[in-house]
Amino acid sequence: MPRENIARFLRLGLFPHIFCAGCGHGIAFHALIRAFDALGYNPEEVMVVSGIGCSSRIPGYINANTLHTTHGRALAFATGIKLAKPHLRVVTVMGDGDCAAIGGNHFIHAARRNIDITAIVLNNYIYGMTGGQASPTTPHGARGSTAPYGFIERQFDLCNLAVAAGAVYVARATVFHISQMESFIKKALQKRGFSFVEIISTCPTQFGRRNRLRGAVEMMEWLKNNSVPLSKAKEMSDEELEGKIVIGEFADKEMIEYTELYHSLCKAAIGEGMSK
Amino acid sequence: MGRVVFWQGNRAVAMGAIMAGVKFYAGYPITPSSEIAEILSAELPKVGGIFIQMEDEIGSIAAAIGASLAGLKSMTATSGPGFSLKQENIGFAIMAEVPVVIVDVQRGGPSTGTPTKPFQGDFMQARWGTHGGFPLVVLSPSSVKECFELTIEAFNLAERFRTPVVLLSDEVVGHMRERIELPEDSEVKIYNRKRPKASPLNYKPYEADPEDDIPPMAAYGEGYCFHVTGLVHNEYGLPTNDPKEIEALNLRLLRKFEKGKDLLVKFSSFELEDAEVVIVAFGCVARSAMGALREARKLGYKVGLFRPVILWPFPEEPLKKIASKVKAIIVPEMNPGLMVREVERVVGGRCEVHSLIRLDTEIITPEQILEKVKEVA
Ligand SMILES: Cc1ncc(C[n+]2csc(CCOP(=O)(O)OP(=O)(O)O)c2C)c(N)n1
Ligand code: SF4
C-alpha cells in the first residue's frame, strides 16, 4: 500500500496499472507524486496533461485535474489550460516519440514562450506502446522493430533542444537515480516558466529485448553504468561520451513568464480603451 | 434596436463571438480567415479574454479545447488546409464532449488550392472529416448578418450539446461587407453549459442527465478532480474496454443529438407554396440562387428556394416534404458535387435531382441557375 499522503494523489480504483513488469515509467510516476506531496500541493491545484503512449497513461492514475489528449499535443492543450486557469500547477507527461517526434513543434514553442508548465519526458529510447519502433531518441545503431539493421539516424538530445528553445530549467535524470530525479522534478515544479525534466526510463519489453538488455535488472545496471554527471562530462571528450547518458542540470535561469506577460497586455489594452 | 454597422463577414464572426461570450481564441494565420484572428487579438484583451497565435492549426484547436475544459468559451478559425489539420482534435472534442467553435472560411482545394477564391469543397469534410463517423453540428452563413447571428448560435449549440460546432463560411461571405443592425444585448439569447450540481466527491464527469443525455460539465481548477480522455471511457471518465460500456457511450453520443433534434433544424425557404422547381443551395451560392428565383418568377416559372442554415444534421424531413410536392430540385454548388449527394439520398427518388457545379472558383451566377431552371422546368 502506498503511504497515506501519496495515496491522495492516486485513483486507486483504476489499479492494477497497464505497465509491464520492469517498466521504468512507474518509478518516474511515483517520483512525480512524491514531489507533489513534498511540495504540499493539493490534488485540486494540480493539472496533469499527457499525449499518447505508455507514459501518457500516467495521468489516468493520478487523482488531480487530469487530461489524456492526442498524440504529441499535450503541451498545446496544456497551453490553453494554463492561460485559462493560471493558478493551476500544470505538468505534462510525455513519451520521447510523443514529445520529440509528433509533438516537437509544440515542445519548442512552449519553451520559447516560457509558459509556466513543467514538461516531463519519459525517454525510453523507443515507441513502447506501438511495439518498439525507432524514435527520435533511439541511439544510433540500436535496434527497433522498424530498425532491424540498426538505427542509422542521429539521436536527438532533448535537453540541448530545450536549452536552445529557451526553457528556464532543464535537467536530466534516470529512473535509477531516484532521489536526483525527485529533486529535479521538485525544482522544475517550483520554477516559474517553462521547465523541462528528461527522465531516462526503461522499456525491457520493447527496447531491452532488442538490444541485449533482456530484463529490468540488466536495464537498471545499464543506466547505472552508463550515466555520467554533467560536471564530469565537461571534462570528457566526444569519443569518451559516446553512448553515455549525461545527467544533471543544463539550465536554471529566471525570465519573465508568459501568462504574466499576457496579464500585463490585458491591463494595457483595457487602460487604452478607457483613455480613448 | 441597436447600432447599425457596415461590417465584413469575418468581423461579424469575431464580434458575434464576443457577444456570445468567447473568452479564448487560438489560431494560425490563413487566408481567407485571418481577419477573425486579427480582430480578436485586439478585442479579447479588452474583455479579459485570451488570444494566442499558436505554432500551427493542430496546436490551435488543442489549446482551444484545453481552455474550454478549463471553463472558457473557446474558438479557433481557419481555412481548408488548416481545417484538414484540425480534424483529429475535432474528433477528440466529439469523444470528450468539449464545447468548441471551429470557423472554416472555405477556399478552393484540394491542397493549397486557391487561397483567395471562394469554394464550397468542405461540405462533406465538415461532417465526415474526423475518423469514426460520429456527428457534430455545422452551420452555414450566407450574409454578414448571419455571420454574426450564427456565430452566437454556434456557441449556444456547442455549449448545450457539449460538442464541437463548425461555422462553415466561405471567402465571399467572409470578405463581403454589408450593413447590419446589431441587436441590443438584452435581445441576444446566450446558453451556457450546464454545471454540475454534485459535489466534487460525488461528481461523475460523464454521467449524463437522463432527459437530454448530456453530462453537466465541471471545469479544471475549480475543485473537481476529474479525468478526460480521447479513449472510450465510462461515467467516471476513465478508460474502459468493456463492450457494454463502449456501446453505452457510443450510443449516447448519437442519442444526445437525436433527443435535441428540434434545436438542430434551421433553414430558410422562399416561395415554396406553389413551386414546381426548388433550388437547394447554401452559403454564397444561395445568394445567387435568390437572384435566379426572382428572375425566374418574373418569367413565370414556379421556382422556390430551400437553404439549409444548419447544414449538419442535414434537414432531412423538410426536404423530403418538399421533394414529394415538386417536379425537380436543382443543387448549384461550387465543388465537385457534394451536397447533391446528400440531397439525392434524402429525396430518394421522390422528384428529379439536378446537379449544377462550377469549378473555376468564380461564383455561380443567377443566370447560370436560371438557365438550369429553364432546362428542367
Ligand atoms: C496521430 C497518431 N499517430 C500514431 C499513433 C500511434 N501511437 C500510439 S503511442 C505511440 C508512440 C508512443 O511512444 P512514446 O511516445 O515514445 O511513448 P512510450 O509508449 O514509449 O511511453 C504511437 C506512435 C497515435 N495514437 N496517434
Ligand atoms: S511497452 Fe515498454 S514503455 Fe510500455 S509499459 Fe511495457 S515496458 Fe513500459
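## Ligand 2 shell

The shell around ligand 2 holds six nonpolar residues, five polar ones and no charged ones. Here Ala, Val, Leu, Ile, Met, Phe, Trp, Tyr, Cys and Pro count as nonpolar, Asp, Glu, Lys and Arg as charged, and the others, Gly among them, as polar. Among the residues around ligand 2 are Cys20(A), Cys23(A), Cys54(A) and Cys203(A). A residue is near a molecule if one of its heavy atoms lies within 4 Å of it.

This is a predicted model: local features need pLDDT of at least 70, side-chain atom pairs count only at pLDDT 80 or more, and totals for chains, interfaces and linings use all residues. Residues are numbered from 1 along each chain as its sequence is written, chains are lettered from A and ligands numbered from 1 in the order in which they are written, and side-chain values use heavy atoms, with hydrogens and water left out.

## Ligand 1 site

Residues from chains A and B surround ligand 1, so this site is shared between chains. There are 18 residues around ligand 1. Cys54(A), Ser55(A), Asp98(A), Tyr127(A) and Gly128(A) come nearest.

Backbone atoms face the ligand's oxygens. A polar backbone atom of Cys54(A) is 2.8 Å from an oxygen atom of ligand 1. For Gly97(A) the corresponding distance is 2.9 Å. A backbone N or O atom of Gly128(A) lies 2.8 Å from an oxygen atom of ligand 1.

## Chain A against chain B

The contact (heavy atoms within 4.5 Å) takes 38 residues from chain A and 39 residues from chain B. His68(A), Phe77(A) and Tyr262(A) supply 17% of the area that chain A buries against chain B, more than any other three residues. Together the two chains bury about 3,000 Å², 64% of it on carbon and sulfur atoms. Buried area is the accessible area (1.4 Å probe) that two parts lose on being put together, summed over both.

There are 18 residue pairs in polar contact between the chains, both residues at pLDDT 80 or more. A polar contact is a pair of N or O atoms within 3.5 Å; within protein, one must be able to donate a hydrogen and the other to accept it, and residues adjacent in sequence count only if both atoms are side-chain atoms. H4(A) gives the largest share of chain A's side, seven residues. By class, that side has 18 nonpolar, 14 polar and six charged residues.

E2(A) and strand E9 (residues 227-229) of chain B pair in the parallel sense over three bridges. Strands pair if DSSP finds at least two bridges between them. Thr66(A) stands opposite His227(B) in E9(B). Helices (H or I, at least four residues) and strands (E, at least two) are DSSP runs, numbered from the N terminus.

## Salt bridges

The whole structure has 43 salt bridges over all chains. The rule asks for a side-chain nitrogen of Lys or Arg within 4 Å of a carboxyl oxygen of Asp or Glu. Two cross the interface of chain A and chain B. Arg113(A) forms a salt bridge with Glu55(B), the closest N and O atoms being 2.7 Å apart.

Within chain A, Glu45(A) forms a salt bridge with Arg89(A) at 2.9 Å between the closest N and O atoms. Glu45(A) lies in the loop between helix H2 (25-38) and strand E1 (46-50), and Arg89(A) in strand E3 (residues 89-95), so the pair ties together parts that are 44 residues apart in sequence.

## Backbone details

A cis peptide bond joins Phe15(A) and Pro16(A), with omega about 5 degrees. Another joins Trp312(B) and Pro313(B), with omega about 0 degrees.
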